[in-house]
Amino acid sequence: MVGLTTHILDLTHGTPAAGVDIQLIRIVDSTHTLLKTSITNEDGRLNEPLLSCEEMVVGEYELLFFIGDYFRGMEATLSEPAFLNKISVRFGISDADSHYHVPLLVSPWGYQVYRGS
């Protein structure tokens with residue numbers, strides 16, 4: 001498989017994080033270009049890749065996860081402003097012929113990302 005995918009696991013509730021808004025941004029020099037917006041499904045995944053194999057381009061990208069809205073929707077008790085409202089993950093694609101998977105493990109108080117498979 002080639003392309004860019006993600007998924008989100010809610011560590012507080014022990015479930016996939018459904019209904020999370022995500023933005024994919026391409027960064028060239030100091031210009032940020034919004035490429036795509038999407039929302040996670042009931043499995044915490046997207047119904048289609050963020051980038052298909054044809055759309056993969058070497059460069060710097062950012063995923064912006066609107067996690068504060070998600071936890072508010074789950075009626076989690078959050079401070080105002082929330083400790084984590086939007087999580088930004090900047091990463092590079094160095095091989096446009098590879099699959100890049102960026103999982104997010106999250107709670108209202110912390111998160112972890114890694115390059116998955």
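Trainee: Where is the place of glycine 68?
Mentor: Glycine 68 is in helix α1, residues 67-73. Helices here are DSSP runs of H or I with at least four residues, strands are runs of E with at least two, and both are numbered from the N terminus. This is a predicted model, so local features need pLDDT of at least 70, side-chain atom pairs count only at pLDDT 80 or more, and totals for chains, interfaces and linings use all residues. Residues are numbered from 1 along each chain as its sequence is written, and side-chain values use heavy atoms, with hydrogens and water left out.

Trainee: Is glycine 68 buried or exposed?
Mentor: Glycine 68 counts as buried, at 0% relative accessibility. Buried means under 20% relative accessible area, exposed over 50%, and partly exposed in between, with a 1.4 Å probe and protein chains only.

Trainee: And what is glycine 68 in contact with?
Mentor: Leaving aside neighbours within four places in sequence, glycine 68 is in contact (heavy atoms within 4.5 Å) with Leu78, Leu84 and Asn85.

Trainee: New topic. Which strand holds histidine 101?
Mentor: Histidine 101 lies in β7, residues 99-107. Histidine 101 is buried, with a relative accessible area of 5%.

Trainee: Which side chain does the side chain of histidine 101 make a polar contact with?
Mentor: One is the side chain of histidine 7, at 2.8 Å. The side chain of threonine 5 also makes a polar contact with that of histidine 101, at 2.6 Å. A polar contact is a pair of N or O atoms within 3.5 Å; within protein, one must be able to donate a hydrogen and the other to accept it, and residues adjacent in sequence count only if both atoms are side-chain atoms.

Trainee: Where is threonine 5 found?
Mentor: Threonine 5 is in strand β1, residues 3-10, and counts as buried at 15% relative accessibility. Beyond four places in sequence, its contacts include Pro49 and Tyr100.

Trainee: Switching to the sheet: in what order do the 4 strands run?
Mentor: The order is β4-β3-β5-β6, in an open sheet with antiparallel pairing. Two strands pair if DSSP finds at least two bridges between them.

Trainee: Which strands stand at the edges?
Mentor: β4 (31-39) and β6 (87-93) do; each has a single partner strand, so one side of each is left without a neighbour in the sheet.

Trainee: How many bridges between β5 and β6?
Mentor: β5, residues 59-65, pairs with β6 over 7 bridges, in the antiparallel sense. In that pairing, leucine 64 stands opposite serine 88 of β6.
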